[in-house]
Amino acid sequence: MSRSSRTRYAVLGMLTHGPMTGYRLREEIGSSVGHFWQESFGQLYPTLSRLEDEGLVRRAEGEGRSSPFELTDAGREALRAWLAAEPESLSPGRNELLLQVFFGRHAPPGVLRGHLDRHRARLEAARDSYRDLERLVAAQDSPDRTYWLVTVRHGLAHVEAGLGWHAEAVALLDEEMP
């Protein structure tokens, strides 16, 4: 499934929270699912147009071209059908740090360790951010609270795993380069 065909489900899902303009949709994505799913204006506006053409979203009554989009019954059904489908497996990403580590034998002394230390600092900051987000979500009175907590805790687990990997990587490199 292409990125643009996945974008449609991010849009449909976000519109379950209520009508939104394209701008507000982008902001809402950034502040919620943006921790694991990014969308650009370049993706959102063409997707909204296609979804409107397909009858899955419509403009709110009486507000013209700048009116917010809202989910139609057909859009809600399309979202439900996608939610029932088996998700595609996780595809490998492009991780420049791992590419540098892979070829690290050729790096000047100390460079790779510096990269790893900065990576650890970013992971620690992300862990703090996820913990703050977890507290915020846990305090929500929303029927989506449990689902939001599950996704936040995935991010937290991913960061914790990254910190474990960092400790192991540094130990292995220290054995190799005393």
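Is Arg-131 buried or partly exposed? In this predicted model, Arg-131 has a relative accessibility of 34% and so counts as partly exposed. Its salt-bridge partner is Glu-160, and the closest N and O atoms of the two are 3.3 Å apart. Arg-131 belongs to helix H6 and Glu-160 to helix H7, so this pair ties together parts that are 29 residues apart in sequence. Glu-160 is partly exposed too, with a relative accessible area of 33%.

Arg-153 forms a salt bridge with Glu-134, with 2.6 Å between the closest N and O atoms. Here the arginine lies in helix H7 and the glutamate in helix H6, so parts 19 residues apart in sequence are tied together. Arg-153 is partly exposed at 44% relative accessible area, whereas Glu-134 is buried at 19%. Salt bridges with shared partners also join Arg-113, Asp-117, Arg-120, Glu-124 and Asp-174 into one network.

Arg-120 and Glu-124 form a salt bridge whose closest N and O atoms are 3.5 Å apart. The two residues are four places apart in helix H6 (residues 111-138), and therefore separated by about one helical turn. Arg-120 is partly exposed, at 29% relative accessibility, and Glu-124 is partly exposed at 30%. The structure holds twelve salt bridges.

Helix H7 (residues 145-176) also contains Val-170, which is buried at 9% relative accessibility. Leaving aside residues up to four places away in sequence, Val-170 touches Arg-113 and Leu-116. The C-alpha atoms of Val-170 and Asp-117 are 8.9 Å apart, although 53 residues separate them along the chain.

In soluble globular proteins, nonpolar side chains tend to be buried together. The largest core has 16 residues, and those touching the most other members are Val-11, Leu-12, Leu-15, Leu-25, Leu-51 and Val-57. Helix H1 (3-14), helix H2 (22-31), H3 and strand E2 (69-71) each supply at least two residues of this core. H1 gives the largest share, four residues. Not counting residues up to four places away in sequence, Val-11 touches Leu-25, Leu-44, Thr-47, Leu-48 and Leu-51. Another core, of nine residues, lies apart from it and includes Leu-123, Tyr-130, Leu-133 and Leu-149.

Tyr-45 sits in helix H3 (residues 41-53) and is partly exposed, at 40% relative accessible area. By contrast, Arg-59 of strand E1 (residues 57-59) is buried at 19%. A polar atom of the Arg-59 side chain lies 3.1 Å from the backbone oxygen of Ser-67.

Methods:
Residues numbered from 1 in each chain as written. Predicted model: local features only at pLDDT ≥ 70, side-chain atom pairs only at ≥ 80, totals over all residues. Heavy atoms only, no water. Buried < 20%, exposed > 50% of the residue type's maximum accessible area, 1.4 Å probe, protein only. Polar contact = N/O pair within 3.5 Å; in protein donor to acceptor, adjacent residues only side chain to side chain. Contact = heavy atoms within 4.5 Å. Core = buried A, V, L, I, M, F, W, Y, C linked by side-chain atoms within 4.5 Å. Salt bridge = Lys/Arg side-chain N within 4 Å of Asp/Glu carboxyl O.
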